[in-house]
Amino acid sequence: MDGNLTLHLANFSTLFVCMVLKFPQIFVLMRARASAGVSLNSLLLELLGFIVFMSYQMYYDYPPLTYLEYPILIAQDVIVLLLILHYNRNLKHSLVYAALFVGGWQLLTVQKWVIDLAMSLCTFISASSKLAQLQCLWRSKDSRQVSTLTWALATYTCLARIFTTVITTGDTQVLIRFVIMTILNMWVTVTVIYYKPHAVKQD
C-alpha cells in the first residue's frame with residue numbers, strides 16, 4: 001500500500017511540475033524580450049525527443065500516467081519556440097517546423113521497427129539537446145535569459161520518472177534515458193547558475 005501511495009505521489013507530482021515546467025522560461029523570455037543564451041537547436045531536439053518518447057509509450061500501451069506530462073511539455077515547448085523565433089525575427093520559420101514535426105510524428109507509428117528505431121535514438125537525441133544548451137551557454141557565457149527554475153524542475157521530473165519506471169514497466173531503454181537526462185539536466189542547471197550575473201538573479 002505504501003509503495004502504491006509513493007508511486008501515485010511520484011506520478012502526480014511529476015504531472016503537476018510539468019504543467020508549469022516551462023512557465024519560468026516563458027516569463028523570463030517575455031520579460032527580457034530577447035533569447036540570448038537559449039539554444040534554438042536544443043529546443044528543437046528536445047521537442048523531437050519528447051514526440052518520439054510519447055509515441056513509443058502510446059504505441060506499446062504503457063500506463064498513461066507514465067507519459068501524461070509529455071503533451072503538456074510539448075505544448076509549452078512550442079510556446080518557447082515561438083517566442084525565440086519572434087525575438088530572433090524568424091517567426092515565418094514556424095510553419096516549416098510545424099510541417100516537419102507533424103509529418104515526422106505521423107511517420108513514427110507507420111511500422112513497429114520505425115518506432116523501435118526512433119526510441120533507440122531517443123536518448124541520443126535528448127542528450128544532444130542538453131549538450132546543445134550547454135554549448136550555447138559556454139559560448140555566450142550569459143544565462144540571464146535562461147531559467148534556472150525550469151532546469152531544476154526538469155531534473156526533479158527525471159528523478160521521479162526513474163522511480164516510476166522501475167516500479168511500473170522496468171523498461172531498460174526508458175530507465176537509461178532518464179538516468180542520462182537527470183545527469184545532463186543537473187549539469188545544465190549548475191552551468192546556468194554559474195553564468196548568472198553575481199549568481200543572485202531570480203527567475
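## Basis of the model

The structure is a predicted model, in which local features need pLDDT of at least 70 and side-chain atom pairs count only at pLDDT 80 or more, while totals for chains, interfaces and linings use all residues. Residues are numbered from 1 along each chain as its sequence is written, and side-chain values use heavy atoms, with hydrogens and water left out.

## The largest cavity

Rolling a probe the size of a water molecule over the atoms shows where empty space is left. A cavity here is a set of points, on a 1 Å grid over the protein atoms alone, where a 1.4 Å probe fits but cannot get out, and its lining residues have an atom within 4 Å of a point. Grid points are joined across faces, edges and corners, and a volume is the space filled by probe spheres set on the points. By this rule there are three cavities of 30 Å³ or more.

The largest cavity has a volume of about 170 Å³, and 17 residues line it, of which Phe50, Tyr70, Leu73, Thr157 and Cys158 lie nearest its centre. At least two lining residues come from each of helix H3 (40-59), helix H4 (69-87), helix H7 (148-167) and helix H8 (172-195), where helices are DSSP runs (H or I, at least four residues) numbered from the N terminus. By class, this lining holds nine nonpolar, two polar and six charged residues, with Ala, Val, Leu, Ile, Met, Phe, Trp, Tyr, Cys and Pro counted as nonpolar, Asp, Glu, Lys and Arg as charged, and the others, Gly among them, as polar.

## The second largest cavity

The second largest cavity has a volume of about 140 Å³, and of the 13 residues that line it, Lys22, Val38, Leu43, Gln133 and Trp151 lie nearest its centre. H3, H4 and H7 are the elements that give two or more residues to this lining, and H3 gives the most, with three residues. The lining of the second largest cavity is made up of five nonpolar, five polar and three charged residues.

## Cysteines

A search of the whole structure finds zero disulfides, a disulfide being a pair of cysteine sulfur atoms within 2.5 Å. Cys18 is in no disulfide, since the nearest cysteine sulfur, that of Cys158, is 8.5 Å away, which is too far for a bond. Cys18 counts as buried at 1% relative accessibility, and Cys158 counts as buried at 8%; buried means under 20% relative accessible area, exposed over 50%, and partly exposed in between (1.4 Å probe, protein chains only).

The 20 residues of H7 should span 28 Å at 1.5 Å a residue, and the end C-alpha atoms of H7 are 30 Å apart, which agrees; the expected span is 1.5 Å times one less than the number of residues. At the start of H7, a side-chain oxygen of Ser147 reaches to within 3.4 Å of the backbone nitrogen of Leu149. Thr157 lies in helix H7 and is buried, with a relative accessible area of 8%, and a polar atom of its side chain lies 2.8 Å from the backbone oxygen of Ala154.

Ser42 lies in helix H3 and counts as buried at 5% relative accessibility, and a polar atom of the Ser42 side chain lies 2.6 Å from the backbone oxygen of Ser129. Pro197 is found in the segment after H8 and counts as partly exposed at 28% relative accessibility.

Conventions:
On a 1 Å grid over the protein atoms alone, a cavity is a set of points where a 1.4 Å probe fits but cannot get out, and a pocket is an open set with protein on both sides within 12 Å along at least five of seven lines; lining residues have an atom within 4 Å of a point. A polar contact is a pair of N or O atoms within 3.5 Å; within protein, one must be able to donate a hydrogen and the other to accept it, and residues adjacent in sequence count only if both atoms are side-chain atoms.
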